[in-house]
Amino acid sequence: MSNSLLKSQRNSRVVVGAVLAIWGFITILPFLWMFLSSFKTNAEIVQNTQNFLPKTWTFENYQRLFHSGFTLYFRNTIVITFFSFVGLLFNAMAGYGFAKFKFKGKGFLFILVLATMMIPGQVTMIPVYLILNEMHLTNTLTGIILPALVGAFNIFLFRQFMSNISDSILEAARLDGASEWYIFWHIILPISKPVLAVQAILTFINGWNAFLWPLILANDEKYYTLSVGLQLLQGQHTTDYGIQMAGSSFMVIPIIIIFIIGQKYILQGFNIQGDK
């Protein structure tokens, strides 16, 4: 390969890297400004001349945030997110069943699962609400949690990944006397770590950002989540930008951290094959 071609490729990588760096900085700039503004006083935020860094650093916004009921919203969000991870195991079991077991109507049932992916969630909210109302589960954390325990996309992703796991591994385990439960916990799940990591990240993000369904199902403020509580802050404190910036930062920062830590698993989960 000639020196001119190598130089051209190197220059192209430099240009692409520079463009991506600039675009990344432009993308993250509003979030950075929001986070830094959460340490400013309200008077400094609303003044005409803005400083990127706070003139006087203060934690008063965060103190007032958690005195406004955000601790209760945080607890509800943690509970919902925890049970979403429990639902992740149910999705994995369903995906394993569709991938490795033969039973009557398997293909038809899987088509039904895929068909539900084409239905917008807003369409099913009213029927689900009416069902939960008949079960007396409206305005409860149980009613908020139950519909999110399983999802068609999660089952589909697990099924596609687990279909690539070699059947010979499972047959060898069965010949050694391993039960199906043992195979699932000690063979299937360890092999499925990449897709589990992807699903765990997506599950955390969905649980942490839960907004519309808790808002519809819960009439009592004690069952609200962080996202709903943040909306209440915007309604109750229309001019208190400091506490709004603190609440928004508290919502966004954990998701950014989780995504940075797990971004490599997202790529692995969609590309790696299970038959190692």
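At what angle do the axes of helix H3 and helix H9 cross? Before we get there, a word on the model: this one is predicted, so local features need pLDDT of at least 70 and side-chain atom pairs count only at pLDDT 80 or more, while totals for chains, interfaces and linings use all residues. Residues are numbered from 1 along each chain as its sequence is written, and side-chain values use heavy atoms, with hydrogens and water left out.

Now find H3 (residues 60–100) and H9 (residues 180–191): their axes cross at roughly 105 degrees and come within 12 Å. Helices here are DSSP runs of H or I with at least four residues, numbered from the N terminus. That makes H3 and H9 roughly perpendicular to each other (the label covers angles of 65 to 115 degrees).

Who does the touching? On the H3 side, the contact (heavy atoms within 4.5 Å) is made by Leu89, Ala92, Met93 and Tyr96. H9 brings Glu180, Trp181, Ile183, Phe184, Trp185, Ile188 and Leu189. Sorted by class, that's 10 nonpolar, no polar and 1 charged residues (Ala, Val, Leu, Ile, Met, Phe, Trp, Tyr, Cys and Pro count as nonpolar, Asp, Glu, Lys and Arg as charged, and the others as polar).

Next, hop over to the loop between helix H5 (121–134) and helix H6 (141–145), where His136 sits. Most residues other than glycine have a negative phi. His136, though not a glycine, has a positive phi of about 60 degrees. Asn139 lies in the loop between H5 and H6, and Asn139 also has a positive phi of about 60 degrees without being a glycine. His136 is exposed, at 70% relative accessible area, whereas Asn139 is partly exposed, at 22% (exposed means over 50%, buried under 20%, partly exposed in between, with a 1.4 Å probe and protein chains only).

Methods: Axes fitted to C-alpha atoms, helices over the stretch in contact; angles between N-to-C directions. Helix = DSSP H or I, 4+ residues; strand = E, 2+ residues; numbered from the N terminus. Parallel < 35°, antiparallel > 145°, perpendicular 65-115°, else oblique.
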